[in-house]
Structure formats: structure tokens, C-alpha cells
4 protein chains.
Amino acid sequence: MAKRRIGIWLIGARGGVATTAIVGLVALRNGQAGTTGLVSELPSFAGLDLPDWKDLVVGGHEIRSLSLLDTATRLAGEQAIDHRLLESCQDELAQIDARIRPGTLYRVGPTIAGLADLEIPRDETPREAVARLQADLEAFATSNHLEHVVVVNVASTEPPMDLSAVPSSWRQLEPLLDSPEQCPVPASSLYAIAAFESGCSYINFTPALGATPAALDELAQLRGSRHMGYDGKTGETLLKSTLAPMFARRNLQVLSWVGHNIFGNLDGRVLDNPVNKAAKVRSKDHLLSQILPQAPQTLVSIEYIESMGDWKTAWDHLHFAGFLGTRMTMQFTWQGCDSLLAAPLVLDLVRFTELARRRGETGTLKFLGSFFKSPLGVEEQSFERQFLVLEQWACQGHDQC
Amino acid sequence: MAKRRIGIWLIGARGGVATTAIVGLVALRNGQAGTTGLVSELPSFAGLDLPDWKDLVVGGHEIRSLSLLDTATRLAGEQAIDHRLLESCQDELAQIDARIRPGTLYRVGPTIAGLADLEIPRDETPREAVARLQADLEAFATSNHLEHVVVVNVASTEPPMDLSAVPSSWRQLEPLLDSPEQCPVPASSLYAIAAFESGCSYINFTPALGATPAALDELAQLRGSRHMGYDGKTGETLLKSTLAPMFARRNLQVLSWVGHNIFGNLDGRVLDNPVNKAAKVRSKDHLLSQILPQAPQTLVSIEYIESMGDWKTAWDHLHFAGFLGTRMTMQFTWQGCDSLLAAPLVLDLVRFTELARRRGETGTLKFLGSFFKSPLGVEEQSFERQFLVLEQWACQGHDQC
Amino acid sequence: MAKRRIGIWLIGARGGVATTAIVGLVALRNGQAGTTGLVSELPSFAGLDLPDWKDLVVGGHEIRSLSLLDTATRLAGEQAIDHRLLESCQDELAQIDARIRPGTLYRVGPTIAGLADLEIPRDETPREAVARLQADLEAFATSNHLEHVVVVNVASTEPPMDLSAVPSSWRQLEPLLDSPEQCPVPASSLYAIAAFESGCSYINFTPALGATPAALDELAQLRGSRHMGYDGKTGETLLKSTLAPMFARRNLQVLSWVGHNIFGNLDGRVLDNPVNKAAKVRSKDHLLSQILPQAPQTLVSIEYIESMGDWKTAWDHLHFAGFLGTRMTMQFTWQGCDSLLAAPLVLDLVRFTELARRRGETGTLKFLGSFFKSPLGVEEQSFERQFLVLEQWACQGHDQC
Amino acid sequence: MAKRRIGIWLIGARGGVATTAIVGLVALRNGQAGTTGLVSELPSFAGLDLPDWKDLVVGGHEIRSLSLLDTATRLAGEQAIDHRLLESCQDELAQIDARIRPGTLYRVGPTIAGLADLEIPRDETPREAVARLQADLEAFATSNHLEHVVVVNVASTEPPMDLSAVPSSWRQLEPLLDSPEQCPVPASSLYAIAAFESGCSYINFTPALGATPAALDELAQLRGSRHMGYDGKTGETLLKSTLAPMFARRNLQVLSWVGHNIFGNLDGRVLDNPVNKAAKVRSKDHLLSQILPQAPQTLVSIEYIESMGDWKTAWDHLHFAGFLGTRMTMQFTWQGCDSLLAAPLVLDLVRFTELARRRGETGTLKFLGSFFKSPLGVEEQSFERQFLVLEQWACQGHDQC
């Protein structure tokens with residue numbers, strides 16, 4: 001079998017998650033990192049036709065002019081990445097940096113736009129932006145001899161969009177790309193359109209709109225492509241989707257579930273804008289009412305606390321009634337390093353998406369539901385049950401199962 | 001269909017769990033309690049041929065002379081049960097009290113024996129004790145016109161027994177019942193033998209030996225009976241079996257898992273004896289190494305803190321490595337009322353066990369694995385996957401599935 | 001020495017704090033309560049000429065028509081007060097209820113005004129309101145043969161007022177009482193004015209304006225009266241003023257201090273209005289920058305979570321740098337019953353204020369600084385050092401010291 | 001004024017605390033570290049005649065053959081010290097390493113003795129050991145032209161000794177030094193004797209016996225020397241001595257105070273031996289009953305959890321009764337880096353001890369009480385009140401106060 005080189009194209013390529021994924025991929029290729037944190041390396045997925053770490057090539061879009069090394073150095077200063085690992089992969093980071101192209105700021109909101117310092121065309125129509133992004137993707141694939149490219153959106157959280165304002169078919173949405181005033185989808189969706197039109201897969205790891213509208217799912221299917229999202233499930237929400245089912249199974253009535261999150265990375269700075277925060281909070285909150293038979297009072301806060309750096313700390317307080325109405329309490333704190341939790345999932349998603357392509361799947365990749373806070377087309381919100389679906393999918397046509 | 005009255009026979013019938021189950025059952029029958037905390041009342045189990053609350057009759061064995069009302073009053077003082085509920089069910093408690101008979105102290109250890117103040121024969125052989133217990137069960141069934149009796153062991157934790165010292169077949173074990181010196185099984189097993197010989201089912205809600213030995217499982221099958229255990233999974237261990245799978249699925253390496261438990265009820269006083277505590281700690285600890293691919297360093301403590309009363313507070317500290325080896329932390333505290341968490345499960349287990357009988361099942365009831373810290377014959381320790389087994393079992397031959 | 005009867009006049013007399021103080025006072029008089037939680041009962045204050053519990057008579061102002069028993073019953077349902085204690089003091093509660101008079105709604109904001117259902121004059125000028133309140137106070141003193149009355153404001157939190165808009169002398173402020181449009185002080189200050197004009201002392205246990213303006217302090221001194229405030233220090237802020245000094249003494253640099261508070265009582269409902277909340281947050285937050293040499297980033301949230309009832313739970317996360325810049329973390333959770341923490345301090349403040357009167361003190365009672373989040377005229381914010389001032393004051397002219 | 005060079009002689013000189021103090025001192029001298037964590041650098045102590053960082057010279061006793069750099073590298077791997085700081089002070093560490101001499105193992109217990117791999121005389125009499133240690137101290141002072149040497153014991157925790165077995169006068173204790181069988185004091189005391197006989201001051205930063213016996217205090221005074229101890233107060237106990245006074249002042253009755261500590265450094269390995277642990281637990285536990293009027297039930301555990309490294313995490317659970325007996329809860333977790341918390345205090349203690357010498361003080365230095373879990377000769381256990389004593393002492397004869 002000829003070697004098949006696969007591309008990873010990261011939107012927000014110099015952010016914390018992207019940089020950590022890149023450093024991690026380099027470390028995996030060089031034998032400097034173990035497989036901890038990588039779902040695709042579990043025994044359940046051994047023997048699958050997943051791409052090798054050494055066959056993955058990285059590029060991406062970005063709106064800021066700092067370097068991958070700058071971001072990586074900041075993460076090392078926050079004790080997320082080891083300084084010594086960083087020193088050993090500087091050259092590879094520089095090579096990847098050279099493959100990063102300017103993104104688009106269409107409808108990203110003022111907070112994100114204010115971060116941009118690359119020369120980004122600001123008077124393009126959405127269609128022109130898509131054409132430019134598409135050209136970047138195609139040049140990347142061609143010059144690196146790639147069989148396929150998976151686009152992963154790990155950019156900062158966009159303000160929430162009104163999904164109902166997006167026409168439900170691609171035929172209706174497509175003409176609006178010519179109008180900067182009327183086009184109802186933001187940057188994250190333009191990247192998705194560019195991906196589908198180039199034959200790339202698209203994964204939305206953020207709470208942005210991306211390929212969520214039905215019109216974009218239709219486009220993916222029309223072009224024989226595939227996508228999944230949205231919003232990677234890495235910390236507090238992962239715990240919610242793990243713990244809430246336990247309360248449901250035991251018929252314990254959750255009365256209130258309060259979650260306070262503090263952290264200090266760039267994503268935190270963006271989320272400090274209430275508009276951007278709204279999208280995130282909505283994505284973190286809805287699943288409780290889907291899992292629990294009686295929706296509890298919920299509260300989710302996300303606050304930017306500079307000293308925390310990339311370390312997100314969540315405190316959750318659950319108040320619940322047991323037998324005879326007696327009220328009890330569970331609390332947890334989660335002290336996780338955000339980028340380190342997200343980055344391996346980005347690599348996993350690329351591998352599983354590529355495997356889906358090899359298996360001929362198009363449209364929404366529902367078997368990836370366990371990776372997302374708001375999995376498209378998936379009703380089940382119990383993490384363990386979502387994971388069973390992934391295991392069962394992996395087994396299909398696989399003689400080890 | 002004629003009305004079928006079913007008996008619940010509680011070992012440790014005046015303890016906190018038993019008393020709460022009894023108060024709860026009375027409240028359910030009188031329409032004074034909701035179904036919160038009762039697994040068998042979930043929609044997943046609607047339409048099954050489970051016994052009605054009003055068809056359940058309670059009796060039991062006990063070694064102490066206090067009354068059910070004494071225990072219930074203590075629980076109300078600890079804010080576990082509402083004083084006003086108590087007042088309304090005093091008469092029913094007194095009726096049930098009259099059906100409680102003296103238990104046995106065979107090999108229960110000095111701490112439990114020291115609690116006994118009922119007139120309990122202390123010079124019986126194990127065989128004589130079994131015969132006496134059996135007579136109690138049969139009199140209970142006869143005088144109350146019961147179709148079947150489910151014996152549930154909710155007594156205090158016995159010291160750990162050496163399972164390997166118990167002969168592996170009933171034919172070898174049976175003759176040893178004549179010798180108080182040589183009989184290698186404790187009170188909890190004598191109750192199980194009496195249950196099987198009387199055609200009753202046996203559920204072991206404690207970490208005691210009970211029907212765990214193969215010889216007793218054989219006896220259950222010989223007599224067409226059934227059993228399950230051991231050690232009800234109600235709090236910290238329930239959380240372990242819920243959270244540990246999440247770390248396993250995400251390939252996060254748990255380095256250490258420390259759990260400290262404090263509480264102040266009678267069970268706590270008994271567990272303050274290091275010998276009794278050993279059995280409990282073992283039961284709370286083993287499942288992590290079954291769920292997690294690399295066994296973490298673990299520590300479990302259970303300490304008697306008088307002021308806590310029936311409120312068990314657990315603090316767990318999980319230290320884990322993520323991608324690139326970065327170490328992160330999760331902590332939780334669980335403030336649960338022990339008896340209130342356990343009592344509804346006792347009622348659920350009786351209902352499901354009776355349904356298994358109606359379905360003709362004998363031997364080990366593995367489908368009840370989700371209820372126990374150490375489920376007999378069950379490898380799977382993930383709570384959510386254990387619960388799926390229960391749901392699938394419920395569906396068998398049931399047109400709603 | 002002739003027996004001296006002293007009045008306690010509570011603003012917000014049917015709220016949770018007032019009701020708990022009343023139930024507690026009745027219980028103390030009847031020998032049904034111990035002295036736990038009462039500062040004035042500590043050995044350090046033994047032998048002082050403090051009024052006896054049996055010499056205290058209660059009345060108050062209120063804007064709602066529910067009864068003291070209604071509030072007390074709600075508190076019992078939330079497990080703050082014991083049901084049985086309540087039953088035994090119903091008659092005394094009814095007697096006190098009969099002494100409660102309608103308050104004023106002047107500038108209390110729409111949230112508080114919306115709670116009012118007593119017939120409260122809404123077209124009075126501030127001067128007319130003061131006159132009416134004053135008449136209530138004087139009738140209370142006369143008909144109960146009181147030597148002195150201490151007015152304590154335990155009403156809900158008013159919206160923050162602009163202190164700089166209040167003239168700095170009484171001579172300038174006084175004429176504005178005639179104008180409902182121009183009078184720049186709210187209800188809490190009108191109660192203070194009525195108190196001073198009647199010769200009563202005034203204690204502000206809330207973050208409302210009360211007697212904070214210099215013009216009111218002047219009035220207190222002109223009338224030979226005394227006052228102190230503001231905002232009782234009972235939970236999270238008490239801990240801040242205890243813990244922050246430790247970090248300061250050890251030269252540990254607090255980088256960020258985040259405090260999230262959740263609770264579900266009426267005060268919580270009022271604070272759910274962001275305007276009212278602002279006053280509270282300000283009062284809870286400022287002291288850190290006074291204690292710590294380098295002001296940390298701070299965040300304080302107060303959220304209404306209905307299921308919590310009177311139980312306020314605070315989670316605080318402290319991030320600090322130690323030697324060589326190494327960053328460390330402290331977290332605490334505080335699960336306190338708000339009314340039960342505040343109520344004994346109300347009784348203590350009445351006793352100490354009356355003692356100050358007996359000692360001839362007028363103006364701001366700075367020695368009471370340890371009781372308040374924002375103690376008037378007190379720079380020191382370390383609780384332990386504030387308490388030393390109270391102990392030293394107690395010793396003055398007292399032979400036990 | 002001629003420059004006065006002062007020696008710091010560390011017992012356990014290659015342990016975590018000593019190594020961190022050494023790295024920190026080098027960093028302070030080189031301007032690479034700020035003053036965070038150093039009490040003696042607070043404004044309250046500005047202007048005092050404290051030795052400069054550049055005038056301090058370090059030596060010490062040790063029983064292990066690893067190097068300071070080995071320990072420092074381990075601490076850097078545990079994210080206690082920054083790798084880059086370490087690289088810049090390697091030469092200075094090597095110079096100090098050369099001044100470290102073999103210690104004594106007299107009565108240190110098997111766990112500590114098992115760590116020794118330096119060539120340490122094992123058949124010396126206690127007197128011979130003292131003479132050898134004394135010679136080391138005197139050679140250090142002479143060859144480094146030191147005006148004075150402060151010996152600080154930061155070795156691992158010895159097993160608890162029976163203080164009542166030590167004669168109460170030096171005249172009685174001194175002859176026993178000839179008998180390895182009869183001499184009732186351990187290594188920590190032999191170091192103290194050697195210190196006093198050489199005119200050095202002695203600070204006991206551990207829970208070992210050290211100079212605690214009255215006979216050694218007498219010797220210190222006879223030789224015009226001074227000492228203080230014992231057991232540095234750096235984390236959980238510091239919090240106890242800060243929080244417990246708050247409960248006492250507010251008359252809140254602490255019913256139980258449970259503290260669980262986990263950590264993974266060498267001290268943790270030694271404390272994993274129950275005999276050594278007993279000394280530590282006793283030192284951490286006693287102060288609550290001194291501060292609180294009614295002694296609560298207490299529980300202290302210290303457990304070795306390897307993955308934690310130098311990061312000690314404490315969980316404390318406080319259960320307390322408030323007004324009307326209502327029970328409430330406070331919990332805290334402390335995640336501190338043990339060596340980084342202790343090391344600056346070692347440097348502070350040397351400076352303050354030297355200042356006491358310059359002021360002509362001998363015997364027990366009670367003004368240092370705030371630094372110790374069990375301060376010799378000090379009744380007061382409130383940290384804030386102990387600190388006031390330090391501030392007042394600093395002011396004596398100092399014109400800034």
C-alpha cells in the first residue's frame with residue numbers, strides 16, 4: 001500500500017490548542033511523547049486503518065502575526081508544556097509556521113477582530129474570502145502531495161449567530177455569499193464552505209456556527225465530504241456528561257447545578273466579552289436538561305482571571321434530592337490545562353475523520369459525538385453511551401471486534 | 001391475577017438503612033413520599049411486573065433491643081428524615097418491630113458482638129443457628145401469606161473472611177456446620193444458607209461474606225433460589241465507577257486516587273475497628289484497577305467522626321497525567337446521607353429480585369451489577385455500562401423495548 | 001440598680017435575620033438556647049454591664065404583610081431552625097408581630113418596592129416619613145417603658161447611592177427632606193434620622209447608605225446618639241478578613257481571589273437584581289486591597305439559586321505566588337446558614353451599643369469594627385486585630401482586665 | 001561598621017527545604033529572585049539591623065551522598081523550582097556542596113538511618129559525635145571568617161522521644177553523653193549541644209526533640225546562646241492557627257476538624273513510617289484544643305502519595321455549630337509547594353536570630369512564635385496575635401516604630 005499523506009489544516013493555527021497539537025504531533029513523530037491523552041491510541045482502536053503520526057502534515061489559517069514558538073513559549077511559562085521539549089522542536093515549528101496563511105475576519109465580532117494584526121483583506125465579499133481560503137487549502141494539498149486534508153476549527157469563540165436566519169438549503173444560501181451585508185454566516189462557516197468546495201473534511205472544535213446549518217451539511221453531502229462538531233468536550237462539560245447520567249440512573253433529582261469556570265488564556269480574554277461568552281455558556285449548559293428528567297436550575301459562568309494562564313479551574317456545585325426528599329450536595333473542582341486536554345482530541349478527530357473518508361462516509365459523522373459538547377445530529381448526551389457508539393463504529397468491518 | 005404478597009426480610013433490621021427503607025416503604029404506601037431515589041420507578045422500568053409497594057411485608061433479624069422508632073428518631077435528629085413524617089408512621093413501625101427476631105452472632109467479631117443486647121443464643125452450633133433463622137423465615141412467610149421472601153443483609157460490616165478457606169462445594173461445606181470451631185463462614189453466610197434452604201432469595205448489601213463462596217452459589221442453584229451482592233454502591237464508590245471510565249476512555253493516566261470518608265453513624269463506629277474497616281476498604285478500592293489500564297496509587301480511609309451523624313462526606317483527590325505528561329487534578333466532595341442513599345436501593349433490589357424469580361431465574365443475578373461495589377460474576381465496573389445491562393435485562397420479553 | 005428595659009427596633013422585622021434574632025432571643029429567655037454564636041457571651045466580655053436577655057423588648061418596621069411565624073416556618077423548612085423550637089415560641093412571636101409597623105419605601109428601588117404589600121404611604125415627603133417612623137419609635141419606647149432603643153437595619157440590600165451627592169453637613173441635608181425629588185438619601189438613612197431625632201442608637205447591618213454620610217454622623221453627635229455600620233460580616237467576607245492577613249504577614253503575593261456565592265433566600269432574590277447586587281459586591285470586595293500590599297485581581301459573584309434556601313455556599317479560589325515566584329492555590333467552601341450567622345451578631349451589637357451608651361459614648365462606635373464588612377472610620381481590616389480592639393474597649397474601666 | 005559575615009549551618013543540608021533555601025539565597029544575591037515569601041522583607045521590618053543576603057555563608061550536615069544539584073533538579077522536575085534558575089546557579093551550588101559534612105545517625109530511627117549512604121561513624125558515643133559536629137561548626141566559622149553561625153535543623157522527622165525521660169538539668173544530662181545506651185536524646189539534640197558549645201544559635205524547624213528539653217535551654221543560657229523551635233508552620237497548621245481563632249472569637253463551636261494531607265517528597269517517605277508520623281501528627285494537632293474553648297474531635301492524616309512530589313495538598317473539613325445549634329461546614333484545600341513555603345522562613349529565622357544576638361538576647365526566642373507549630377514557651381496559638389508579638393519585638397529600640 002502506497003503511503004498516504006494527510007493534511008491537518010488548523011483554523012486559529014497559532015492559538016493555544018493548535019500550537020499544543022502541533023508540538024505534540026512533532027513530539028509523537030520524534031518519539032518524545034507518549035500516547036497519554038490520545039483516544040485513538042486506546043486498545044479499542046488498535047488495528048484500525050488510522051493515519052500514522054509521521055504521515056500528517058500541518059498548515060493553517062491565522063489572523064495574528066506572532067509565531068508558533070511565541071505561543072509555545074507562553075504555554076511553557078504557564079507550565080503547560082515542558083521548556084525542554086520546546087527547545088528540541090523549534091525548527092519543525094518554524095517550518096509549519098511558514099505554511100500558515102492569513103484567515104478571514106468576516107463577522108467574527110470586534111473582540112476577535114481586535115486581535116488581528118496580520119494583513120487580512122477587509123473588503124472582500126464572503127465569496128472572495130471563500131475563494132482565497134480555498135486557494136490556500138488547495139495549494140497546501142498540492143505542494144505537500146496530500147491525499148486528503150482535514151480542516152479543524154480551533155479559533156476563538158465567535159459571537160452567537162441566529163441559526164434560523166440561515167436559509168435551510170445550499171441553493172438559497174449560496175447567492176448570499178456575494179453580499180457582505182446579507183450573508184448570514186460568519187468566518188467559521190466560510191472556512192467550512194471552502195473546505196467542502198476543496199474536498200476537505202471539516203471539524204468544528206469551537207462553539208462557532210461552522211457547518212452547523214442544514215445548508216452546509218447539504219453542501220458537504222453534495223461534494224461527497226463530511227463534517228462534525230461542535231465545541232470540543234474537554235473539561236467541565238465532559239464531567240457533566242459523565243456525572244449527570246449517574247444522577248438520572250439513580251433517580252436522584254438534581255435541583256441546581258452551578259458551574260463557575262476561571263482561566264486566563266486568550267480564549268478567556270475573548271470570552272470576557274459577554275457576546276462571545278453567550279455562545280460558550282449556551283453550549284456548556286444545554287446538555288443537563290437533555291440528560292436529567294427534570295431540568296435543574298443551572299448557572300454557568302466563565303471568567304477571565306489572568307494569573308491562571310492556560311489552567312482552567314472549574315468549581316461545580318450540585319444540589320440534589322434523594323429518597324424522601326432529603327437534600328444532598330456534591331461539589332467538584334477540575335484543574336485542567338485547557339490546551340493539553342484539547343490538543344490530543346484534535347489529532348484523534350483528524351485520524352477518525354480520515355478513517356471515515358476511507359470507509360466512504362459522507363455528511364455528519366455522528367459516531368464522533370463523544371468529542372463534542374453539542375454533537376450534531378446526536379440526541380444521546382451521556383458520555384459513556386456516546387463512547388460506546390464510537391467503539392461500535394470502530395468495529396464495523398473490522399475483524400478484531 | 002391474584003394478589004401476590006412478597007416479604008422483605010432485613011438482616012440488621014433496626015439499623016439505619018433498614019429503618020429508612022421501612023419508613024420509606026410506609027411513606028410510599030401512604031402516599032407521603034415521592035419516587036425520588038428509586039431506580040425501579042424510572043421510565044425504563046415502567047410496565048414491568050414488579051411488586052407493588054402495598055404488597056410488600058417487612059420482617060427481619062436484629063441483635064439489638066432498641067426499637068425502629070429509636071433509630072428513626074436518631075435519624076430525624078441528624079436531619080436525615082423529617083420529624084413530621086416519623087410521627088405519622090409510628091404505629092406501622094411498631095407493627096413491623098413486632099416481626100423482628102433475634103439474629104446470630106456467629107463469627108461477627110467482637111465489635112459487632114459488643115453491640116448485641118437481645119437475648120441471642122451464644123452456644124448454638126452453626127447448624128442450629130441456621131435452623132433457628134430458617135424457622136423465623138418460614139413462620140414469617142406462613143403467617144403473612146407470602147408468596148416469596150427476599151432476604152436482604154444490611155447489617156454492620158463483618159471482619160474480612162478468608163474466602164479460600166471455604167470449601168468450594170456445598171457437599172464439603174455442609175458437614176462443617178456442625179462444628180463451631182471449624183465452620184469457616186460467618187453470620188452473613190448462615191443467613192444466606194437459611195434463606196436458600198427456605199426457598200428465599202438472598203441479597204448481600206454489605207461487604208460481608210454472605211453468599212459469595214462458590215459453595216453457596218451452588219446451594220442457591222440446587223434449591224432453585226437466587227442471590228446477588230455484594231456491598232451496595234451508594235456514594236464515593238458509585239462516583240468512582242462513574243468517573244474512572246471517563247479517564248480510561250480519554251486515555252488520561254490516573255496517577256493517584258485518594259479517597260477520605262468521614263461519617264458518624266453506627267456503621268462508622270463498627271468500621272472504626274481496623275479489622276472491620278479492612279473489609280470495607282478492600283471493597284471500595286479494587287474497582288479502580290479494574291477500570292483503569294494502569295493501576296494508580298490508591299488510598300481509601302474511612303473514619304468515624306461523631307458530629308457527622310448519618311452524613312457521610314467523602315473527599316477524593318485524583319491526580320492524572322494528560323497529553324505530553326502534563327499533570328492535572330480533579331477533586332470532589334460528596335455530602336450524602338448514607339441511609340437515604342442506600343434505603344431505596346434495598347427496595348429496588350427486592351423488586352428486581354422478585355421479578356427475576358417470576359421470570360424463573362436462579363443463581364447469581366448478574367444483571368444487578370450496577371447496585372454493588374463488588375458485583376458477583378461481573379467483570380464490568382463502569383456504572384453506566386452496568387446500568388445498560390440492567391436496562392437490557394428489563395427489556396427481555398417485554399413488549400415496550 | 002433598677003431594672004433597665006432596652007428596646008431592639010428591627011428594620012426589616014419579618015425578614016430572615018430579624019426573625020431568627022427574635023426566635024433566638026425568645027429561646028435564650030426561655031432557657032431553650034445555648035450561647036453558641038453569641039460574641040457577647042464570650043469569657044472576654046464576662047462581667048460587663050450588658051443588658052440581660054430578659055430585659056430586651058423587640059419591635060420594628062416592615063413592608064411585607066406576612067407574619068414572623070411565616071418566615072420562621074420557612075426557615076424551619078430549610079433546616080435553619082428546629083421545628084420544635086418554633087412550636088414552643090409561637091405566642092411570643094405573635095406578641096412581637098403586633099409591635100411591627102409599616103416602614104418606608106423611599107428610594108429602595110423597584111425590586112424591594114415590589115415586595116411591599118403592607119399599606120405603606122407612597123406620597124409622603126421624606127420629612128413626613130421621618131416623622132412617622134419617629135412616632136413609631138417613640139410610641140414603642142413609651143408603651144414598653146424602655147430606657148433606650150437600639151435601631152438595627154436588617155432590611156434587604158438597597159441599590160447603591162452616590163455618597164458624594166449627599167451634602168457633608170446636617171445643616172445642608174436637613175432642608176432637602178422636604179423634597180421627594182431632591183432628597184439624596186434612601187429609606188435606610190431616613191430610619192437613621194428618625195432614630196437620632198428620637199434619641200435612639202442606629203446600627204446598619206446592611207450595605208445600604210444608612211448613617212454613613214458625614215451629615216448623619218454629625219446629626220448623631222448633635223443629638224448625643226451613636227451609630228455604627230455597615231454590612232454585617234458573617235461568612236465569606238469574615239473569612240477574607242481572617243485569611244488575607246495571613247498571606248500579607250507571610251509576604252505571599254495573592255495574584256487573584258475569586259469568590260462565588262450562591263443562596264436562595266429573599267436577600268438572594270433581591271440581590272438577583274444587578275443594581276442591588278452592585279452595592280453588596282462592592283462591600284464584599286474592597287477589603288482585600290486594604291489588607292494585601294499588592295491588590296490582586298478579584299471577582300465576587302452572588303447568585304440566587306432557589307434550592308439553597310437560607311444556606312449560603314461560597315467557593316473561594318486564591319491563587320498566590322510564593323518564594324521564587326512559585327504559584328500555589330488555596331480553595332475553600334463555606335456552607336453557612338445566613339440568618340443563623342447574622343442573628344446572634346444583631347443581639348451582640350445591641351448589647352455592646354447599649355453598653356457604649358451607658359459609658360457615655362456618642363458618634364461612630366469604631367470598637368465594633370470586627371462586626372462589619374465596611375466598618376465606619378476603621379482602617380484596620382484584619383478581623384483578629386479588629387477583635388483585639390473590641391477586647392481592649394471592653395476592658396476600659398473594667399477591673400477584670 | 002565592618003562587614004559582618006554570618007553562617008547558616010543546615011542540618012539535612014541536601015534535603016528539599018535546605019536546597020530550596022540555598023538556591024533562593026543564591027538567587028537573592030544574584031538579583032534573580034524577588035522578596036515574595038520572605039517575612040523579613042516586609043515593610044514592618046525595614047530598617048532593622050538584619051544581615052544582608054550577600055553576607056550569609058552556607059554549610060551543613062547531611063547523611064546522604066547525593067548533591068545539592070540532584071535535589072534541585074528533582075524539585076525542578078516537580079515544578080517547584082524553575083529549570084532556568086537552576087542552570088544559572090550550578091557553580092555556587094557546587095561550592096556550597098563542598099562545605100557539607102557527614103552528620104550523625106544517633107537515635108534517628110531505622111527509616112532515616114536507611115537513607116544514609118555517606119560514611120558516617122556508627123560506633124561513636126554521643127559525646128564523640130558532639131565533638132565531631134562541633135569541630136565541623138568551628139572549622140566552618142574559622143575558614144569563612146564568620147562572626148556568628150546559626151544552625152537550622154531541617155532534617156527529616158525523627159521518631160517521637162519521651163521528653164520526660166530527659167533529665168531536667170544540664171548537669172544531669174551531660175554525663176549521659178558517654179553512654180550510647182543511656183543517652184536519652186537523639187541526633188537533633190546532639191546538633192543543638194554542638195551548636196551551643198560552639199557559641200552558635202540553634203533553630204529547630206522540625207518536630208524532632210532538638211533543644212526542647214529544659215536541660216538544653218539551660219545549656220543555651222549557660223553558653224550565652226539562644227534557640228527556638230519547633231516545627232516550622234508553613235501550610236495546613238498555619239491555616240489552623242489562622243482560622244481557629246475566628247471560630248473562637250465568634251463563639252462558633254467547632255465540633256470536629258479533620259485534616260488529610262497528601263504529598264510525595266522525601267519527608268513524605270519518612271513520615272510513611274507510623275513511628276515518625278506520630279511526632280508530626282502530634283505537632284499538627286494540639287493547637288486546636290489550645291485555641292478553641294471546647295476541644296473538637298480532631299483527626300490528622302499524612303500520607304505519602306508519590307505522584308504529588310513536593311506539592312502537599314491538604315483537605316480540611318470543619319464541622320461547627322452556630323446559633324441555636326445549627327450545624328454548618330467549612331472545607332478548604334491547600335495546594336502548596338512544601339519546600340518553597342518553608343525555605344524563605346529558614347532564611348528569615350536566621351536573620352531574626354542574628355538580630356536577637358546583636359541585641360544581646362539569650363535563651364528561648366519567644367518572639368519567633370509565629371514561625372512554629374509548637375513554639376517553645378509560647379501559650380498564644382493565634383497566628384495573627386503571634387505575629388503582633390514579632391512586630392512589637394522588632395520595634396524595640398527602633399526609631400521607626
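Across all chains of this predicted model, 53 aromatic pairs are found. One of them joins B:Phe196 and B:Tyr202, whose ring centres are 6.3 Å apart and whose planes stand at 70°, an edge-to-face arrangement. B:Phe196 and B:Tyr202 are both buried.

Another pair consists of B:Trp315 and D:Trp315. Their ring centres lie 5.5 Å apart with 15° between the planes, and because planes under 30 degrees apart count as stacked, this pair is stacked. The pair links two chains: B:Trp315 belongs to strand β9 (residues 311-321) of chain B, and D:Trp315 to strand β9 (residues 311-321) of chain D. B:Trp315 and D:Trp315 are each buried.

In chain A, aromatic residues also gather into a cluster. It is made up of A:Phe45, A:Phe352, A:Phe367, A:Phe371, A:Phe383, A:Phe387 and A:Trp393.

Chain B has arginines placed over tryptophan rings, as listed here.

| Charged residue | Ring | Distance to ring centre |
|---|---|---|
| B:Arg351 | B:Trp53 | 3.8 Å |
| B:Arg359 | B:Trp393 | 4.3 Å |

Strand β8 (residues 297-304) of chain C has eight residues, of which six are buried, so the strand is largely enclosed by the rest of the structure. Strand β7 (residues 253-263) of chain C runs parallel to β8(C), and eight bridges join the two. Within this pairing, C:Ser301 of β8(C) has C:His260 opposite.

Terms used. Residues numbered from 1 in each chain as written. Chains lettered and ligands numbered in written order. Predicted model: local features only at pLDDT ≥ 70, side-chain atom pairs only at ≥ 80, totals over all residues. Heavy atoms only, no water. Phe/Tyr/Trp six-rings, centres within 6.5 Å; stacked < 30°, edge-to-face > 60°. Buried < 20%, exposed > 50% of the residue type's maximum accessible area, 1.4 Å probe, protein only. Helix = DSSP H or I, 4+ residues; strand = E, 2+ residues; numbered from the N terminus. Lys NZ or Arg CZ within 6 Å of the ring centre and 35° of its normal. Pairing = 2+ DSSP bridges.
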